[in-house]
Amino acid sequence: MVDITNLDQGIYWSSIIVFYFFFKGIASGIFGIISFGELNNNKKLKKITGPALWISFAFTYALPFLLIADLAQPFRFWRIFAFGSLTSPMSYGAWILLLYMLFGGITTHLYFRRNFVLKYNELSEKGSKFA
(Lines give C-alpha, C1' and ligand atoms only; values in the text may rest on other atoms or scores of the structure.)
Protein backbone atom coordinates (compact mmCIF):
# COMPACT_ATOMS: atom_id res chain seq x y z
CA MET A 1 0.00 0.00 0.00
CA VAL A 2 1.29 3.45 -0.93
CA ASP A 3 0.86 6.20 1.62
CA ILE A 4 0.87 9.82 0.47
CA THR A 5 1.46 12.36 3.21
CA ASN A 6 1.78 16.12 3.56
CA LEU A 7 -0.92 16.92 1.04
CA ASP A 8 -2.25 19.71 3.22
CA GLN A 9 0.89 21.80 2.66
CA GLY A 10 0.35 23.30 -0.76
CA ILE A 11 2.86 25.23 -2.80
CA TYR A 12 1.33 28.41 -4.11
CA TRP A 13 2.78 30.01 -7.20
CA SER A 14 2.19 33.58 -8.18
CA SER A 15 0.45 34.38 -11.44
CA ILE A 16 3.82 35.42 -12.90
CA ILE A 17 5.10 31.84 -12.67
CA VAL A 18 1.85 30.52 -14.16
CA PHE A 19 2.34 32.87 -17.14
CA TYR A 20 5.99 31.75 -17.34
CA PHE A 21 4.98 28.11 -17.83
CA PHE A 22 2.19 29.10 -20.22
CA PHE A 23 4.54 31.18 -22.42
CA LYS A 24 7.22 28.50 -22.26
CA GLY A 25 4.74 25.87 -23.40
CA ILE A 26 3.57 28.01 -26.31
CA ALA A 27 7.12 28.86 -27.41
CA SER A 28 8.39 25.29 -27.13
CA GLY A 29 5.33 23.78 -28.79
CA ILE A 30 5.46 26.13 -31.76
CA PHE A 31 9.21 25.67 -32.13
CA GLY A 32 8.85 21.87 -31.99
CA ILE A 33 6.04 21.76 -34.57
CA ILE A 34 7.90 24.07 -36.94
CA SER A 35 11.12 22.06 -36.55
CA PHE A 36 9.22 18.86 -37.32
CA GLY A 37 7.74 20.46 -40.44
CA GLU A 38 11.11 21.73 -41.64
CA LEU A 39 12.82 18.36 -41.11
CA ASN A 40 10.09 16.45 -42.97
CA ASN A 41 9.62 18.99 -45.79
CA ASN A 42 5.94 19.43 -44.91
CA LYS A 43 4.57 21.96 -47.41
CA LYS A 44 1.64 23.03 -45.21
CA LEU A 45 3.85 23.76 -42.22
CA LYS A 46 6.47 25.54 -44.34
CA LYS A 47 3.87 28.20 -45.20
CA ILE A 48 3.52 29.23 -41.56
CA THR A 49 7.15 28.80 -40.49
CA GLY A 50 8.04 32.50 -40.63
CA PRO A 51 5.17 33.87 -38.52
CA ALA A 52 5.40 30.92 -36.14
CA LEU A 53 9.11 31.53 -35.55
CA TRP A 54 8.39 35.18 -34.73
CA ILE A 55 5.71 34.16 -32.24
CA SER A 56 8.00 31.58 -30.64
CA PHE A 57 10.84 34.11 -30.56
CA ALA A 58 8.66 36.72 -28.83
CA PHE A 59 7.32 34.33 -26.20
CA THR A 60 10.80 32.91 -25.53
CA TYR A 61 12.36 36.32 -24.96
CA ALA A 62 9.57 37.29 -22.53
CA LEU A 63 10.48 34.39 -20.22
CA PRO A 64 13.51 35.89 -18.43
CA PHE A 65 11.56 39.04 -17.60
CA LEU A 66 8.84 36.95 -15.97
CA LEU A 67 11.37 35.01 -13.89
CA ILE A 68 13.22 38.15 -12.80
CA ALA A 69 9.92 39.85 -11.90
CA ASP A 70 9.04 36.92 -9.61
CA LEU A 71 12.28 37.08 -7.61
CA ALA A 72 12.19 38.79 -4.23
CA GLN A 73 15.41 40.63 -5.13
CA PRO A 74 15.47 40.95 -8.94
CA PHE A 75 18.86 42.65 -9.11
CA ARG A 76 20.51 39.48 -7.83
CA PHE A 77 19.52 37.46 -10.89
CA TRP A 78 23.03 37.67 -12.30
CA ARG A 79 24.27 35.67 -9.29
CA ILE A 80 22.58 32.55 -10.69
CA PHE A 81 25.04 32.62 -13.59
CA ALA A 82 28.07 33.89 -11.67
CA PHE A 83 27.81 31.54 -8.69
CA GLY A 84 25.80 28.63 -10.05
CA SER A 85 25.31 25.56 -7.90
CA LEU A 86 25.23 22.01 -9.20
CA THR A 87 22.49 21.16 -6.70
CA SER A 88 20.20 24.10 -7.51
CA PRO A 89 17.28 23.46 -9.89
CA MET A 90 16.97 27.22 -10.45
CA SER A 91 20.56 27.32 -11.72
CA TYR A 92 19.88 24.46 -14.14
CA GLY A 93 16.68 26.11 -15.32
CA ALA A 94 18.40 29.44 -15.93
CA TRP A 95 21.20 27.83 -17.96
CA ILE A 96 18.77 25.71 -19.98
CA LEU A 97 16.64 28.78 -20.70
CA LEU A 98 19.73 30.71 -21.78
CA LEU A 99 20.81 27.93 -24.15
CA TYR A 100 17.26 27.57 -25.52
CA MET A 101 17.12 31.31 -26.19
CA LEU A 102 20.52 31.18 -27.90
CA PHE A 103 19.62 28.28 -30.20
CA GLY A 104 16.15 29.68 -30.89
CA GLY A 105 17.64 33.05 -31.83
CA ILE A 106 20.22 31.44 -34.11
CA THR A 107 17.56 29.30 -35.79
CA THR A 108 15.29 32.30 -36.35
CA HIS A 109 18.18 34.35 -37.75
CA LEU A 110 19.29 31.60 -40.13
CA TYR A 111 15.74 30.97 -41.36
CA PHE A 112 15.05 34.62 -42.15
CA ARG A 113 18.51 35.17 -43.62
CA ARG A 114 17.96 32.26 -46.02
CA ASN A 115 14.56 33.62 -47.06
CA PHE A 116 15.95 37.14 -47.45
CA VAL A 117 18.69 35.88 -49.78
CA LEU A 118 16.19 33.83 -51.82
CA LYS A 119 13.83 36.81 -52.21
CA TYR A 120 16.74 39.10 -53.11
CA ASN A 121 17.92 36.71 -55.83
CA GLU A 122 14.39 36.36 -57.14
CA LEU A 123 14.01 40.15 -57.40
CA SER A 124 17.39 40.59 -59.05
CA GLU A 125 16.50 38.00 -61.71
CA LYS A 126 13.31 39.91 -62.50
CA GLY A 127 15.31 43.11 -62.88
CA SER A 128 13.75 44.93 -59.97
CA LYS A 129 15.22 48.31 -59.02
CA PHE A 130 15.17 47.23 -55.35
CA ALA A 131 17.68 44.43 -55.91
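The protein chain contains five helices and zero strands, where helices (H or I, at least four residues) and strands (E, at least two) are DSSP runs numbered from the N terminus. The model is predicted, so local features require pLDDT of at least 70 and side-chain atom pairs count only at pLDDT 80 or more, whereas totals for chains, interfaces and linings use all residues. Residues are numbered from 1 along each chain as its sequence is written, and side-chain values use heavy atoms, with hydrogens and water left out.

Along the sequence the protein chain has the pattern α-α-α-α-α. Of its 131 residues, 20% count as buried; buried means under 20% relative accessible area, exposed over 50%, and partly exposed in between (1.4 Å probe, protein chains only). Contact denotes heavy atoms within 4.5 Å. Among contacts between residues at least 6 apart in sequence, 62% join residues at least 24 apart.

Two packed helices are described by the angle between their axes and the distance between the axes. Axes are lines fitted to C-alpha atoms, for helices over the stretch in contact, and angles run from 0 to 180 degrees between N-to-C directions.

| Helix pair | Axis distance | Crossing angle |
|---|---|---|
| H1 and H3 | within 8 Å | roughly 155 degrees |
| H1 and H5 | 12 Å | about 45 degrees |
| H3 and H5 | within 10 Å | roughly 155 degrees |

For orientation, angles under 35 degrees count as roughly parallel, over 145 as roughly antiparallel, 65 to 115 as roughly perpendicular and the rest as oblique. A crossing is left-handed if the near helix is turned anticlockwise from the far one by less than a right angle, and right-handed if clockwise. In the residue classes, Ala, Val, Leu, Ile, Met, Phe, Trp, Tyr, Cys and Pro count as nonpolar, Asp, Glu, Lys and Arg as charged, and the others, Gly among them, as polar.

Helix H1 spans residues 15–39 and helix H3 spans residues 49–70. H1 and H3 are roughly antiparallel to each other, and H1 passes H3 in a left-handed crossing. The contact of H1 with H3 is formed by 19 nonpolar, three polar and three charged residues.

With the axes of H3 and H5 crossing at roughly 155 degrees, H3 is roughly antiparallel to H5. Their crossing is left-handed. On the H3 side the contact includes Leu53, Trp54, Phe57, Thr60 and Tyr61, and on the H5 side Tyr100, Met101, Tyr111 and Phe112 are among the residues involved. By class, the contact of H3 with H5 has 13 nonpolar, six polar and no charged residues.

H1 and H5, by contrast, are oblique to each other, and their crossing is left-handed. H1 contributes Tyr20, Ala27, Ser28, Phe31 and Glu38, while H5 contributes Leu97, Tyr100, Gly104, Thr107, Tyr111 and Arg114. This contact of H1 with H5 divides into six nonpolar, three polar and two charged residues.

### Individual residues

Thr60 is located in helix H3 and is buried, with a relative accessible area of 4%. Leaving aside neighbours within four places in sequence, Thr60 is in contact with Ala27, Tyr100 and Met101. Ala27 is one of the H1 residues in the contact with H5.

Thr107 lies in helix H5 (residues 89–126) and is partly exposed, at a relative accessible area of 34%. The C-alpha atoms of Thr107 and Leu53 are separated by 8.7 Å, although the two residues are 54 residues apart along the chain.

Asn41 is placed in the loop between H1 and helix H2 (43–47). Its phi is near 50 degrees, a positive value in a residue other than glycine.

### Aromatic pairs

A pair of aromatic rings is described by the distance of the centres and the angle of the planes. Rings of Phe, Tyr and Trp (its six-membered ring) pair if their centres lie within 6.5 Å; planes under 30 degrees apart count as stacked, over 60 as edge-to-face and the rest as tilted. By this rule there are 12 aromatic pairs. In one of them, the rings of Phe57 and Tyr61 have centres 4.5 Å apart and planes at 45 degrees, so the pair is tilted. Both residues lie in helix H3, four residues apart, about one turn of the helix. Phe57 is partly exposed at 27% relative accessible area, and Tyr61 is partly exposed at 29%. Trp78 and Phe83 also form a tilted pair, with 6.1 Å centre to centre and 55 degrees between the planes. Phe83 is exposed, with a relative accessible area of 55%. Ring pairs link Trp54, Phe57, Tyr61, Tyr111 and Phe112 into a cluster.
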